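Please look at the sequence and the model below before reading on.

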Amino acid sequence: MSTRAQIRMLPDGCRLHMHDGPIDLIVEAFGEAREINAAYNAASSRFVQVLDELCAELIFLRSPARQNGPLPTGPIARRMAEAVKPYAAHIFITPMASVAGAVAEEILAAMTSNARLSKAYVNDGGDIALHLANEETFVVGMVEGPDRASLFGTTTIRYGDLIRGIATSGWRGRSFSLGIADAVTVLAETAAMADAAATVIANAVDMPEHHGIGRVRACELAPDSDLGERMVTQSVPELSQREIGIALERGLDVAKRLEASGLIRAAALNLQGEMRILGSERCAPSENISRLLWSPAHA
Amino acid sequence: MADDAIRCDACPVLCYIKPGRIGSCDRYGNADGQLVRLDPHVVLERAVSRGETVVPFLEKSREWSGALVSGEETFVTAIGAGTTYPDYKPAPFIISSEVAGVDMVTVVTEGIFSYCGVKLKIDTDRHLGAECSIVRSQGEAVGHVTTNEYGSQMLSLGGVRHLTGGTRHEGTATCDALLNLCNRKAVELKIDDGATVVVQADKAPIVDGVQEERMRVGCGSATIGMFAKQWFGKVDDVVVVDDHITGVLSEHQAGKLLGVPETGIKLKGRRSTPGRYFRVAEPGTSWGGTNIDDPLSILAPFDREVARPGMRLLMVSTTGEHFAYFELDDDLHPKERQLPEVLRESVARIRENCEPALCTVLFMGGAGGSLRAGVTENPVKLTHSVRDALTRVTCGGAPVYVWPGGGITIMADVSRMPEDAFGYVPTPALVAPIEFTLKLSDYATLGGYMDHVRPLGSIQRDADTRRRLGARPDNPWPLAEKIK
């Protein structure tokens, strides 16, 4: 068990903040006070094991996923491997592409299996796992990028929607990206699936023929990156409308294929102020500022 | 390793971090081969520890409070924030954060202060120079000697006249002295017809090459009052030598009340009230801030009607640093003898009761000018808001005293600010951090740059350009208490 982990209530008295190494979670549960308490206790007990558990299999989790390869042992690692498996035959991807979503899912699962909650979320740096009881909804806002807090749209997630995961990826975010999207937000069945898909789509929003884009080998920036020699985006110059359009369409093509195969439900792709939305019936103009967006600081 | 990368062991991820890069947590980095948590723009963490420039990870990592999520935990200072020059630009950081349900906004900027200086309090009894004497640094006039306070000499340095009103050299020397003093570095000051003193915030002054140890326990008269009982019966008379008010036990009210008999002692100088003498000698850097090395030089011959051979006399300075013990011989001349054990204790007691001598540096500046335009389009409203205590002013997160009356003239103790909080521009002028914190709604009312307000969270993104410091526990948290 980790003694590094820090767990505390946020000053609003409602949300739980948990931090350990690179993991930073904001958790909120809704329901009777007793149940919320039980949920937070369960979340805390599970959380203190998470980082050590993941690090025990870090080498495996940083290796390329294989379609029929061996499975890791830890429950979170299994969620990660499961989420990236559909991509393994087609592209380079490692289970790390879904680590944030998988952690969020695992903590949420610990909460819902120990308490009766009307709804709950676990926000792992913008990758969010949701729980909804019958009739409940979440209003989710979306931002263009981590440095811009203004919402460009909101979407309502209902019990009946098969959406329990939200994730965002982009080159400006905390993890490396192979593409140039400022932010790709994905709604999917699970948080780990959303996380993996957001990574894949954000990588696909690209313009390899543009030489002004700053790219550096991942290992040069972080020697132990799972991306190894792959070129990751470090800067993107101002692009023409035509270039933005081409790059976004490339991402959108991938998103459509993922939607068709059931890997995602909806996606919003952002690049330099332009946006493409898949499943646009989901997105309404910005109205409510959801708490979800104000809680985390990172993408 | 060959490529200078280092292994971070702050958590089990064990990131391998290259020089100049940060780990996967965004919180630890490799700065020239050192694992540090950092960087230049100072964000105060409301943590248990007193802030250090860069926190080496092993020492403090376990206290690290995790992500910066709330204004109750994180305060963005103006140090390293940049300035609004040429003034009408909105301040570089206008940060909103939620504190106990109230949206607060902090406008941070590094102000360029042409009207500024420092007030120095130097704990010493030694005479540094006459009031109004010029204080020099690098040979240039940078300020003057002002009042002598209880146990301390005050100096006033800087101000617009030295910064911009004199020669180029004078301005540069003044700016240099102010910058160093404010950044808590040592500065040598030479006072015309007085002493040379090395001054550094929070350190003992060094007067003419001698480090001051302690502050006087009180003036000579007060020392008599404090220790009369301890001397009673162990010695016939005591003189506490002090440049301002020298005290004499047998004549002092304290001695009278105890029933100390007269000794026939006679002092030079001007008697103020019984047992209290002014100007027993000239000011200096020796006994009790006088110029004497021989304490007997302040005594006139004893009254032969009263004094008798064998009488015991203790002479001591207000810090206990100087002392001598005498017994009257048959001709009633005081002869120095070894200090008896019973009196040694009382001299030690005086010393024990003296606080360590320190220099303290208060930065003083006027923020009532154009930097207000970086906060609001309607500058006078900011002044009014500060005046009405709706807006809290801090310097690098440290509390300030706002002078009553017009303008925003502030004083701040540089020792309560993070290190190296000040800079300069060659104008010359000092660059000092200043933060204005107020309710978001009040900020809107006073014509603030609402479209430049950024949530606290947005600041955390570029973690590698921020320096995170633990807030000093003795400073009030800038965002903590409700603002009116």
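Predicted model: local features only at pLDDT ≥ 70, side-chain atom pairs only at ≥ 80, totals over all residues.

**Briefing on the two chains**

Residues are numbered from 1 along each chain as its sequence is written, and chains are lettered from A and ligands numbered from 1 in the order in which they are written.

**Sheet in chain B**

- Chain B has nine helices and 35 strands, where helices (H or I, at least four residues) and strands (E, at least two) are DSSP runs numbered from the N terminus.
- Strands β25(B) and β26(B) pair in the antiparallel sense over four bridges; two strands pair if DSSP finds at least two bridges between them.
- Both strands belong to an open sheet of seven strands with mixed pairing, in the order β21-β22-β19-β18-β24-β25-β26 (chain B).
- At the edges stand β21 (270-273) and β26 of chain B, each with a single partner strand, so one side of each is left without a neighbour in the sheet.
- Neighbouring strands of this sheet are turned by 30° against each other on average, direction ignored; such angles run from 0 to 180 degrees between N-to-C directions, and the axes are lines fitted to C-alpha atoms, for helices over the stretch in contact.
- Helix α4 (residues 220-231) of chain B lies across β18 (237-241), β19 (246-248) and β22 (276-278) of chain B, and runs at about 150° to β18(B).

**Sheet in chain A**

- In chain A, nine strands form an open sheet with antiparallel pairing, in the order β1-β2-β3-β4-β5-β8-β9-β12-β13.
- Its edge strands are β1 (6-9) and β13 (274-278) of chain A, each of which pairs on one side only.
- Neighbouring strands of this sheet are turned by 10° against each other on average, with direction ignored.
- Within chain A, strand β8 (residues 165-169) and strand β9 (residues 183-188) pair in the antiparallel sense over five bridges, and the bridge partner of Thr168(A) in β9(A) is Thr185(A).

**Helix pairs in chain A**

- Two packed helices are described by the angle between their axes and the distance between the axes.
- Helix α1 (residues 33-56) and helix α4 (residues 99-112) of chain A pack at an angle of about 140°, with their axes 7 Å apart.
- That angle makes α1(A) oblique to α4(A), given that angles under 35 degrees count as roughly parallel, over 145 as roughly antiparallel, 65 to 115 as roughly perpendicular and the rest as oblique.
- Where these helices meet, the residues of α1(A) include Ala39(A), Arg46(A) and Phe47(A), and those of α4(A) include Val103(A), Glu106(A) and Met111(A).
- The axes of helix α5 (residues 191-204) and helix α7 (residues 241-260) of chain A come within 7 Å and cross at roughly 150°, which makes α5(A) roughly antiparallel to α7(A).
- Among the residues that meet there are Ala197(A) and Val200(A) in α5(A), and Gly251(A) and Val254(A) in α7(A).

- Of the 484 residues of chain B, 51% count as buried; a residue is buried if 20 or more other C-beta atoms, placed from the backbone, lie within 10 Å of its own, exposed if 12 or fewer, and partly exposed in between.

**Loop residues**

- Most residues other than glycine have a negative phi.
- Glu135(A), which is not a glycine, has a positive phi near 75° and sits in the loop between β5 (127-132) and β6 (137-145) of chain A.
- Glu135(A) counts as exposed because it has 10 C-beta neighbours inside 10 Å.
- Leu332(B) also has a positive phi, of about 65°, and lies in the loop between β25 (323-328) and β26 (334-337) of chain B.
- Leu332(B) is partly exposed, with 16 other C-beta atoms within 10 Å.

Conventions
Contact = placed C-beta atoms within 7 Å.
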